[in-house]
Every structure is written in C-alpha cells, then in structure tokens.
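Let's take a tour of a protein structure, one stop at a time. Keep the 3D view open as you read.

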Amino acid sequence: MRREWLNSVCRNRKVRWLFYSLPVIILLYLVIPKPDFNNPHSTVVLSSDGRLLGAHIAKDGQWRFPPEDALPDKYKIAAVNFEDRYFYYHPGVNLVSLFRSLFLNIKHRKIVSGGSTITMQVARMSGNNPPRTLARKIYEIAISLKMELLYSKEKILNIYASNAPFGGNVVGIEAASWRYFGRNANELSWSEAALLAVLPNAPSLIYPGKNDPMLMKKRNYLLEILYERKHIDSTTLKLSKAEALPDVLFSMPVMSPQLLSKFLNTSEGGKFHTTIDYNLQENLMTTGTRHMQINAQNEIHNLAAIVADIKTGRILAYVGNLNSNVSEHAGDVDMITAERSTGSILKPLLYASMLESGELLPDMLVRDVPVEFSGYSPKNFDMKYNGAVPASQALSRSLNVPAVEMLRNFGPDRFLLMLNELGFKSFDKTAEHYGLSLILGGGETSLLELVSCYARMAAILRNYPQEIQTYNELSYLNSEAKVADKNRKFPLSAGSIWYTFKALRDVNRPFERQGWENFTSSSQIAWKTGTSFGFRDAWAIGFNSDYVVGVWAGNADGEGRTGLTGVSSAAPFLFDIFDFLNTDAWFVEPYSEMEEIDICVESGHRASLRCTHVKKMLIPKSGLVSEICPYHKTFHLTSDSLFRVNASCYKPGEMSHVSWFILPPAQEYYYKKQHSFYLSLPPLMPGCEEDSDYQYIELLYPGNTEGIYIPVEHDGMKGKIIFEASHRNRNETLFWHLDNKFVGETRIIHQIGLTPSPGIHLMTIVDSKGNSFRRNINIIEKVK
C-alpha cells in the first residue's frame, strides 16, 4: 500500500518538483543570509498628520530616512515599469532578462546590462554594491530567491525604495522627495515620481543639477512607457513632460529644532510621530518671529511657546527658541525645558492652596503695607500700597506685598510640599533656601512644568463632575500619552481651582486688547504673567477649558533688559496664539463642591453678627472653617455719634452702640487714601479713659522687626534706617524713644532716621495723649 502511494506521488509532476526543490529551499533558508541594511538613518520628526517637522542627517553624512510603511502608488508604478516590469510575477529572478543581458554583454564584450530584478538590486545594495562578478551575481540570485520566500512583494519594493541611491548624499525615496521637491513623497506628481524612478539607475552620473538633458530624456522615456501601458492619459503625459527639472536642493524643514534635538540625544536615527499640529506650529513660528523681531528692538533675543490640549494632554505646538541670531544668542537652548526664575507666575498656586486649606476665602482682605523680613523688603510693581486688598484682586493685579504676606501665613515649607504634589520637580532645595522670595521668583522652574501644572488644574475642572479626579500628562509623542494615577488624589479641588481661574480671567489684558469683555467675539481666557528680578524673564500662561498656552521671553544667556515684562514681551504673543486657536470654551462652575454662606461685604470674611453688610456667596467647602470677620467691632458713641465714649465718662443708657468696620492703623493709613467710603472712628470724647484694646499707633516701616539691616552708603559709611509710623489722627504728634532715650518727634509725616548699633533695641512711640506703641527691633550689620 505504501509503495503504491509513493509511486503515485512520484508520478505527480508538481509534487515531484516540490520534492526535488525542498533541499534547495532548506539550503537557501539555512545557508544564505537575509539582506542586511545596517546603515544609519536620519532622525526624522513628523507632525500628528505625518508631515515633516524636521530631520537631521545620518551619522555617515547621508540623507537616509527610516523606511516608510507604504510607498506612494505613483512611485511604485513608475519604479516597477522602469526597473522590473515583471516584478510581481517572477520569483526574484527573471531568467529571460538574465539570458538577454548575457547575450548583450557577450555581444559588446563588456557589461552593458545586468538583467537584475528589483529583488536582485536589493540583494546587491545589501552588500554595499560590490564589484560585478559572475560569482557575486550567483550569490545575489540566491539572496533574491530567499527574499522572495520570506518577504512579500510590497516589502521588497519598500526595502528597495528606502535604500536606493538618488544622487549625491541622498538615499531613499522620502529623503529624495524632500531634497529635490521639498515635500512628502505622497504629494509627488507623475513627472516627479518618474524622475525619482529613473535616478537609481545611474545616480552618480545623472541627478538634478548634473547632466540634466540626459536626465530629462530618461524621465520622458519613462513617461512615454507609462502612457503606452495606460497608467496615465495623454493630457497627464503632456503636462508631465512640460514640468521642469529641479534646479536646487531644498533644505529640510526646520519647524521645531529643539524637539528634533531631544530625539537626537535620546534615539538618533529614529522616526518619531509627534502630537504636533503642523498648521498651528507653522503659525506660531511665523507669528512668533514677528514678536521676536519686535522684542529684539530692545535687545530681547529669545522667545519660546508651547500649546497643549487639556482634554488629551497632547502638546500641539512646541516652539523651543525663536531668536534673532542662533550663534550669538544661544538659539540652540530649549527654553521650554530650561529652568528660569519664576517671577510672580506661582501666585495663583498659592491662592488656590490657601483656598483649599480653608485659610482664605476668594475676596478676603489681605495686608498690603510696607514690610521687611531680615533685609528682604518686597515692593509692589507700581511702588504703591493699598493697606488691605481682596485676595482675588491681589491675584488679578499681581500685587507682590500681599503675596508675600500670604506665603508668610501659609508657610514656605507647606507651599513647597504643595508644589511637589502639583508636579514640580525643579524646586529641589529647602524652604530655608527659598524663604519668602519663593513667591516672587526666588525659585526656578521651566515653562514645561508650569504649563503641565496649569493643564492638570484645568483638566480637573474640565472633567468635573467625576468621582475620581483624572487628567492626562502632557506629551509630544503619540505613544507616550499617560493618564494620571487614579489612586493619587489631586491636591486641589474643583472649587478652589474655579475661584483661582475666575480671578485670573479678570486680569487686565494688554493695552491693545482692553475692553475685550464688551465684544461677544472675545474669548474667555484666564491668564497670568510673571517678570523675574532684574527683568531677565518674562512669562505668560493662559488657558480656557480647551487649551493651555505658555510663553517665555527673554535672553537665554540671562542678560536682563529694562522693559522686559510678562505683559509687554510675552502676553501679546500669547493672545495672538489664542486668536489662532479660535476657542471660547469655559468651565462649568462646580456647584457640588461649594457651599453658600453669608460673607461680609467689606472684609470678604465669613460674616460675624457685627457685620452690617452681608451677601450670599458660594465658596469652596474647605472655606467653612475660615476665620470670621475680625474687622467689625462694636463701639460706644455719644447719642449724636460725634465721639467715642465709655462708662467712665458717659451714661450707658444714653450710648449709641455701633458696629464699625475698622482696620489696624498701618492698613487704615493706606486703605483710606483709595477708599472714600472708609470712615475713621470718631475721636474719644475728652475726659474719657482710653480704650486699652484700641490701637492708635502702628509701625509702618519696617513692618517686620525681627531683622533689620543697617544700610551702607555709596562711600561705604553706615547709613540711617528710616522708621515710619502711622497714627489714626494724622495731625497727632509722636514722640520717639530708643531704649527709653528720646530721639525725636514727628508730626503729620511720621518718619525718623536713626542709626542704631547692631543688636536688639526697644522702640517706643508715644502720642500727646499717652497712647503708646512698643516693640523690640533686631538690628543686623551687613557682612562685607
């Protein structure tokens, strides 16, 4: 039975052919190596839709892009019709072509035709085009047969197109398309596809710019073939022949050089599909260049910007450094990741942190008077003081002194911990190192960290209501999109974020955009600027519920320039970006995370029973534990309300009991200059005993007496410390004493210059009625 089956099998021609071929197939598979292309590739960066953002030449000096997944149809048709008409039908070797070439070579007594198929050309290229010999030809045939066993025709054609020489230092169809035509291979015309199809035939002899007549003849010959074989019509043939040859090489696009540098440093030779929106990136490069040229008139030479999609976490635009001169102004530095002084850009995070902790309500009054902390004396940008200001206004107006006061109350150590929980890694020193200057630029961070933080906050509010707070981490690679750990609670609630963003939405916009709220077409944007000490860094961060945009302007080498501010140097570019984004999306108010309570209109605190003007207001639930209004107090007045009185001088039954909004003397001194409605308390009726709990005098400067430095004049001599006080009665005379020794008196303007010795001293200030103020002051001598 077995013998009959074997005889029948041997009589079957196909089976017999397979039986005899099997050893050859096994030999090919085991002995003959696969084609190996170990040549280095160019580093290629693509936009989200596959367009080229930038490329860097390969290590061997060749423009050789990583292989594409698929080839353009026009090029495939042109290449196959020119190089190997029967490519899709032969097993890697075309015997007819081989014998034809052998006949021609014998006839001409030299090699005039190789008879190689596309598969055989791939085999030859894999050996770096060695000299043509009979043995090498047989070896290439063997490799070709193995390739046909292992790879599809499309794969083989792709390998050929990716490694074929196209003249000069251009290798591969994609690199050739960009170098010769300045665009993607998928956008090639029939004429251009035909040109690239004929180039590998003799790349060192003819290519654009060398032997153009011969090159045009070969291109047109191929176009005629395509017409004869009905791949193109007569009109396409005519138009294609009329197209001129490229006469110059195109430079590769330079849409995001800093992003390209990142990939070069981490994975040179790769092809990277990014999340960058090509049109947006192109717009930012163009618009940013205009703003950079404006800034350059003030010797401000560098500009950076980043745009992220809040919903997905995708970075849509990455402009790492626009500059007027790369070689002179550190144009290769990525200013998106470079750590720079923050200026006041962190103030919203402190505001949100204190809302979250319940230590602050949105409109709670914050001190705004001169202060000094161990030689550190912050000033508001306009060099003015408000006495007391609602926290939301202090944020929207970016007042420095209230921010320092808030940080002093909250604590630099707690704020550093909050910054870490919000995702910042750059603040890696101790709270003692940063001190209170942290809120005004005493620390450094990057534009990427700032944008990432505000994007997380915006995502939490955008995704409200959700049982689990989630957000996407920012990324410029499609493969790296990450969702935040759902088990890790975000440190800020939607309610705290809402009021922070609401305050930032009310920030006055640059001069040319004033009155934006009067136009229905204007976008709702929350935004904040920052300017570092010495005018070295200008920041602008803006966002709505769709996008977050960050801009940095300055000099990468750290040179400061007067006039370099966030409002003037960074914000105009920020708003131009939002114009291009064309979005007006805003957040939904998170009602479930708020509670409606009575708020004191004057102080912004939770209303006490003494508050005379009360309003209903939604606040974050954490604010329910905040302090009740400390500024409304009950005073006893005469029946005509002209004097304050007490039981020592006035009958209780005739007193008028009034709740009065009253600030401490130092705050009152500045507050009433700007608030005409503020009423000072009536004076004490003559003959009445002074109120022990009523403060008449307060030291304005220095506000903090724990450490006062003795100033040094230009000549090196010790200068005087200017002490300033405030009295509720501006016409009152004050008598100054230092260590119980009289040192002078002042009237109306209560300032006195003193030069105390280093150490602790007792400062006493007394008015003509015996009301006094006492405080120990610590005088410190500056170390030279």
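## Glutamate 473 and its partner

Glutamate 473 has a relative accessibility of 24%, so it counts as partly exposed. Keep in mind that you're looking at a predicted model. Which residue does the side chain of glutamate 473 meet in a salt bridge? That's arginine 456, with 3.1 Å from N to O. Glutamate 473 sits in strand 12 (residues 472–473) and arginine 456 in helix 19 (residues 447–462), so this pair ties together parts that are 17 residues apart in sequence.

Is arginine 456 buried or exposed? Its relative accessibility is 10%, so arginine 456 counts as buried. Buried here means under 20% relative accessible area, and the label "partly exposed" covers what lies between that and the exposed class, which starts over 50%.

How many salt bridges does the structure hold? There are 22. Another one to look up joins the side chains of arginine 183 and glutamate 192, at 2.2 Å from N to O. Arginine 183 has a relative accessible area of 25%, so it's partly exposed, while glutamate 192 counts as buried because its relative accessibility is 9%.

Next, go to helix 3, where lysine 76 forms a salt bridge with aspartate 73. The closest N and O atoms of this pair are 3.7 Å apart. Lysine 76 and aspartate 73 are three residues apart in helix 3, which means about one helical turn separates them. Lysine 76 counts as buried because its relative accessibility is 16%, but aspartate 73, at 53%, counts as exposed.

Salt bridges can also link up into a network, as Arg367, Glu405, Arg408 and Glu698 do here.

## A patch of tyrosines

Now for the surface. Which residues make a nonpolar surface patch of about 400 Å²? They are Tyr86, Tyr88 and Tyr89. You'll find tyrosine 89 in the loop between helix 3 (73–83) and helix 4 (95–108). Tyrosine 89 has a relative accessibility of 69%, so it counts as exposed.

## A hairpin

Strand 1 (residues 43–46) and strand 2 pair up in the antiparallel sense, over four bridges. Together, strand 1 and strand 2 make a hairpin, with five residues between them. In the turn, look for glycine 50, which has a positive phi of about 85 degrees.

Strand 2 (residues 52–56) is mostly covered, with four of its five residues buried.

Last stop: an open sheet of five strands, in the order 22-28-27-24-25. The pairing in this sheet is mixed. Which strands are at the edges? Strand 22 (708–710) and strand 25 (741–747) are the edge strands, and each of them pairs on one side only. On average, neighbouring strands of this sheet are turned by 35 degrees against each other, if you ignore direction.

Zoom in on strand 22 and strand 28 (residues 772–781), which pair in the parallel sense over three bridges. Here isoleucine 710 stands opposite glutamate 781 in strand 28.

Methods: Residues are numbered from 1 along each chain as its sequence is written. This is a predicted model: local features need pLDDT of at least 70, side-chain atom pairs count only at pLDDT 80 or more; totals for chains, interfaces and linings use all residues. Side-chain values use heavy atoms; hydrogens and water are left out. Patches are made of residues with over 30% relative accessible area and no salt bridge: like charges are joined within 9 Å, nonpolar side chains (Val, Leu, Ile, Met, Phe, Trp, Tyr) within 5 Å. Accessible areas come from the Shrake-Rupley method with a 1.4 Å probe; for residues, only the protein chains shown count as cover. A salt bridge is a side-chain nitrogen of Lys or Arg within 4 Å of a carboxyl oxygen of Asp or Glu. Helices (H or I, at least four residues) and strands (E, at least two) are DSSP runs, numbered from the N terminus. Buried means under 20% relative accessible area, exposed over 50%, partly exposed in between (1.4 Å probe, protein chains only). Two strands pair if DSSP finds at least two bridges between them. Axes are lines fitted to C-alpha atoms, for helices over the stretch in contact, and angles run from 0 to 180 degrees between N-to-C directions.
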